[in-house]
Amino acid sequence: TSDADAWALLAATLTASAEAAWRGGADPRPEATRLFLDLSAEADEAGGLALALRPDHPVAAVARLASGRAMGLDLPAWSDRMAVARRARRTLYAAHQQFLQVTSATWFGSHRTMFEFARPLAVHAPVGDPIGALLVTAWCELEAANGDPAEAGADRRADRALVAEAAGRWVAGGPGALMHPYALEAHHAFGTFLAEDPPTFRFHLA
């Protein structure tokens, strides 16, 4: 294990700890928020050290997207960090997942900007890559917020066709593609969103 890997692992661990503190947000005490912010700042520093050693380290790049969201970075800074993540892999799933969250109404964007980010991921998803499942994640975000699809510029029927095409391109990559690190999440997303097609539903949820 290299020093870059060690710093990246620390960044990812601190990020997970920060998110756990935030999820304990049932606890309204100021110290819970302070812990979340402090851990996020430490994660950000550790991720920066990893990237200084290996500029395309995927784990560090994703960790710094998560810590940057926690620290409330502006969009240009976010775009810079996303560019770093794409150097690691153009369709790095976890990085795009983080960026989708920051474009959502829950964080710093809107339902419309979230779909403007997520829809091209499904349209341009390469063969063997499950990145198109993030369009389903956008729908989950919208529904969790009781958002209006019309205001978000979202058409479920049209998006279902895009998701079906993206799912088909992922599967077309063969057995190796189905071993993607986010395969389980993608299967759940594709299967539930395409539940009106029983064979597809059964394939993904089997």
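Biologist: Is Glu19 buried, exposed or partly exposed?
Modeller: Glu19 counts as partly exposed, at 28% relative accessibility. The cut-offs are under 20% relative accessible area for buried and over 50% for exposed, with partly exposed in between (1.4 Å probe, protein chains only). This is a predicted model, where local features need pLDDT of at least 70 and side-chain atom pairs 80 or more, while totals for chains, interfaces and linings use all residues. Residues are numbered from 1 along each chain as written, and side-chain values use heavy atoms, without hydrogens and water.

Biologist: Which residue forms a salt bridge with Glu19?
Modeller: Arg69 does, and the closest N and O atoms are 3.7 Å apart. To count, a side-chain nitrogen of Lys or Arg must be within 4 Å of a carboxyl oxygen of Asp or Glu.

Biologist: What does that pair tie together?
Modeller: Glu19 lies in helix H1 and Arg69 in helix H3, so the pair ties together parts that are 50 residues apart in sequence. Helices here are DSSP runs (H or I, at least four residues), numbered from the N terminus.

Biologist: And Arg69, buried or exposed?
Modeller: Arg69 counts as buried, at 8% relative accessibility.

Biologist: How many salt bridges are there in the whole structure?
Modeller: A search finds nine. One of them joins the side chains of Asp44 and Arg64, 3.2 Å from N to O. That pair links distant parts of the chain, with Asp44 in helix H2 and Arg64 in helix H3, 20 residues apart. Asp44 is buried, with a relative accessible area of 9%, and Arg64 counts as buried too, at 19%.

Biologist: Which residues are linked with Asp44 in a network?
Modeller: Arg64 and Arg81 are linked with Asp44 in a network of salt bridges.

Biologist: New topic. How many residues of helix H5 are buried?
Modeller: Helix H5, residues 93-103, is mostly covered, with 10 of its 11 residues buried. The cover includes H1, H3, H4, H6, H7 and H10.

Biologist: What is Thr103 in contact with?
Modeller: Thr103 sits in H5 and is buried, with a relative accessible area of 10%. Leaving aside neighbours within four places in sequence, Thr103 is in contact with Gly109, Ser110, Thr113, Met114 and Phe117. Contact means heavy atoms within 4.5 Å.

Methods: Helices (H or I, at least four residues) and strands (E, at least two) are DSSP runs, numbered from the N terminus.
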